[in-house]
Amino acid sequence: QVQLVESGGRLVQAGGSLRLSCVASGRTLRSYAMGWFRQAPGKEREFVATISWSGGSTDYADSVKGRFSISRDNAKNTMFLQMNSLKPEDTAIYYCAANPPSGSSWNPYQPKEYDYWGQGTQVTVSS
C-alpha cells in the first residue's frame, strides 16, 4: 500500500512563494505518474500539475502555468510543487496523487484516474 503525505502549506501574502512536498512510503514510486490537485471551499477538486515517472514530462493547468513548477526526486520518493507569484485565488487544500503505470488512455488531468492520495495541505494566500 502507498501512503502519501503532503507538507509545506501555510498562510502567505499575495506575490509570495511556497514549496510543497509530497513524501511517499510503502513502496517506491519510481514508476508512478504523479500529480498535484487542489480544492477550494465549495468547489470541485481541480488539476494543478502532473509529472511523468521519470520527471521528463510535465504539464500544468493554465491558471498556474509560468508560476508553478512540479518536480520529483525518485531517490527520495518525493515530489515537489514550487509555487511563485501566489494569488488569493490559489487558496485551497493541495493534494498530491500517484498512479501506477497505466495504458495510453490514462488521463492525468482527472482526479478519478489516480489510485493514491495524500491528506492535503492548506495553502492560504492573503491579499
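Biologist: With the side chain of which residue does the side chain of Asn74 make a polar contact?

Modeller: A polar contact is a pair of N or O atoms within 3.5 Å; within protein, one must be able to donate a hydrogen and the other to accept it, and residues adjacent in sequence count only if both atoms are side-chain atoms. For the side chain of Asn74 the distance is 2.8 Å, and the partner is the side chain of Arg72.

Biologist: What pLDDT do local features need in this model?

Modeller: Residues are numbered from 1 along each chain as its sequence is written, and side-chain values use heavy atoms, with hydrogens and water left out. This is a predicted model, in which totals for chains, interfaces and linings use all residues, side-chain atom pairs count only at pLDDT 80 or more, and local features need pLDDT of at least 70.

Biologist: Is Asn74 buried or exposed?

Modeller: Asn74 lies in the loop between β7 and β8, where strands (E, at least two residues) and helices (H or I, at least four) are DSSP runs numbered from the N terminus. Asn74 touches Leu29, Arg30, Trp53 and Ser54, not counting residues up to four places away in sequence; contact means heavy atoms within 4.5 Å. Buried means under 20% relative accessible area, exposed over 50%, and partly exposed in between (1.4 Å probe, protein chains only). Because the relative accessibility of Asn74 is 18%, Asn74 counts as buried.

Biologist: What is the phi of Asn77?

Modeller: Most residues other than glycine have a negative phi. Asn77, in the loop between β7 and β8, is buried at 17% relative accessibility. Its phi is positive although Asn77 is not glycine, with a value near 55°.

Biologist: Where is Ser85?

Modeller: Ser85 also has a positive phi without being a glycine, at about 50°. Its relative accessible area is 41%, so Ser85 is partly exposed. Ser85 is in the loop between β8 and β9.

Biologist: Which strands stand at the edges of the open sheet of 4 strands?

Modeller: Two strands pair if DSSP finds at least two bridges between them. The order of this open sheet is β1-β3-β8-β7, and the pairing is antiparallel. Between β1 and β3 there are 5 bridges, and Leu4 has Ala24 in β3 as its bridge partner. One side of each edge strand has no neighbour in the sheet, because a single partner strand is found for each of β1 (3–7) and β7.

Biologist: How many residues apart in sequence are the parts tied together by Cys22 and Cys96?

Modeller: A disulfide is a pair of cysteine sulfur atoms within 2.5 Å, and the sulfur atoms of Cys22 and Cys96 are 2.1 Å apart. Cys22 lies in strand β3 (residues 18–25) and Cys96 in strand β9 (residues 92–99), so the distance in sequence between the parts tied together is 74 residues.

Biologist: Which element gives the most residues to the largest nonpolar core?

Modeller: A nonpolar core is a set of buried Ala, Val, Leu, Ile, Met, Phe, Trp, Tyr and Cys residues joined through side-chain atoms within 4.5 Å. The largest one has 36 residues, and those with the most contacts inside it are Leu4, Trp36, Leu81, Met83 and Tyr94. Elements that give two or more residues include β4 (33–39) and β8 (78–83). With 5 residues, the element that gives the most is β9.
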